[in-house]
Amino acid sequence: MSVRIGRHEVGDDRPVYVIAEIGLNHNGDLELAKRLIDVAAASGCQAVKFQKRTPELATPEHMKDVPRETPWGTMTYLDYRRRVEFGLDEYLEVARYADLAGLDWFASPWDEPSVDFLEAVGTAAHKVASASVTDLPLLRAIAATGKPVILSTGMSTIGEIDEAVATLGGTETGRLVMLHATSSYPMPHEEANLRTIQTLRGRYEGVPIGYSGHERGLQISLAAVALGAVAVERHITLDRTMWGSDHSASLEPQGLEHLVRDIRIIETAMGDGVKRVFPGELAPKAKLRRVLV
């Protein structure tokens, strides 16, 4: 089964759907967001992803007044969230710019008003962040849109994922893509647990399974593709040393370019599983075999 997201089909026998997660790595700067969209397009990605919050609703109560050191001075965590959040004008420009770059765009809504906001702007899909897997009112609001849903599964038990899938309409909707994830930032390699990709494929039959990575480097994401991941999502940044919570676990432009390049090589190398003699083998065969049949 495949799921249509924007311009692309996501599923088996389709090119791996590479999502460049910009998230909040734009640091509230529209021009920086555009530069990151340019990086995603130049690297050969299919989509860019953002995060959308209503800060007063999405910020945990115990965090709202916690002081945060920022490039704009010391402020409360709630004020920081307000400072980096894009509004309607910024998202309309993001949508326009991504479309011109040939990319699908969508975001993770963290509360119900953000679902309505993204619908108004024209998102191609809704992404459920790992932190939102147990937020059933949010999932019901997302399901009601009828849009494709990409569900990350970090920090979640199988039981929690089961309930989320049921709330989103089950496995038969034809709109659900699931991403295996481990929500450590950055993720140590021993926590990748990539065989979970196969576990999810077996449990949620018909649902395309991909991978959302928070590790440093490329190896684990590439191994996920070799294990059958049909989508790969990675955070991107212009510079991992930039200020912000996700930059250190992100790929810089050259890393993203190499990731997409190597994914396409792996896709070609996987083949169809039919054992055959390839044309390039004929000359060595004639030269090296003592017994020809």
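The following paragraphs lead from the overall build of this predicted model to a few of its individual residues.

Residues are numbered from 1 along each chain as its sequence is written. Because the model is predicted, local features need pLDDT of at least 70 and side-chain atom pairs count only at pLDDT 80 or more, whereas totals for chains, interfaces and linings use all residues; side-chain values use heavy atoms, with hydrogens and water left out.

The protein has 11 helices and 12 strands, where helices (H or I, at least four residues) and strands (E, at least two) are DSSP runs numbered from the N terminus. Its radius of gyration is 21 Å, close to the 19 Å that the globule rule gives for 293 residues, so the protein is as compact as a globular protein of that length; the radius is taken over C-alpha atoms, and the rule is 2.2 Å times the number of residues to the power 0.38. Along the principal axes, the C-alpha atoms fill a box of roughly 80 × 40 × 40 Å.

Of the 293 residues, 49% count as buried, a term that means under 20% relative accessible area, with exposed meaning over 50% and partly exposed in between (1.4 Å probe, protein chains only). The accessible surface comes to about 13700 Å², of which 52% belongs to carbon and sulfur atoms, as computed by the Shrake-Rupley method with a 1.4 Å probe, where for residues only the protein chains shown count as cover. There are 32 positive and 40 negative side chains, and the centres of the two sets lie 9 Å apart; Lys and Arg count as positive and Asp and Glu as negative, without His and the chain ends, and each charge is placed at NZ of Lys, CZ of Arg, CG of Asp or CD of Glu.

An unreviewed UniProt entry places the feature "domain: PseI/NeuA/B-like" at residues 36-275, in the numbering used here and with the name shortened, and such annotations may be inferred rather than shown by experiment. The span is 40% helix and 18% strand, and its end C-alpha atoms lie 42 Å apart.

The loop between strand E10 (176-181) and helix H8 (196-203) holds Pro-186, which a cis peptide bond with omega of about -15° joins to Tyr-185. Asn-193 has its place in the loop between E10 and H8, and its phi is also positive, near 50°.

Within helix H4 (residues 88-100) sits Tyr-91, which is buried with a relative accessible area of 0%. Not counting residues up to four places away in sequence, Tyr-91 touches several residues, among them Phe-50, Phe-86, Trp-105, Phe-117 and Val-121. Ala-223, in helix H9 (residues 219-226), is partly exposed at 31%, and its C-alpha atom is 9.3 Å from that of Ile-266, 43 residues apart in sequence. Val-291, by contrast, belongs to the segment after helix H11 (279-288) and counts as exposed at 60% relative accessibility; Val-291 and Ser-212, 79 residues apart in sequence, are 50 Å apart in space, C-alpha to C-alpha.

Technical notes. Contact = heavy atoms within 4.5 Å.
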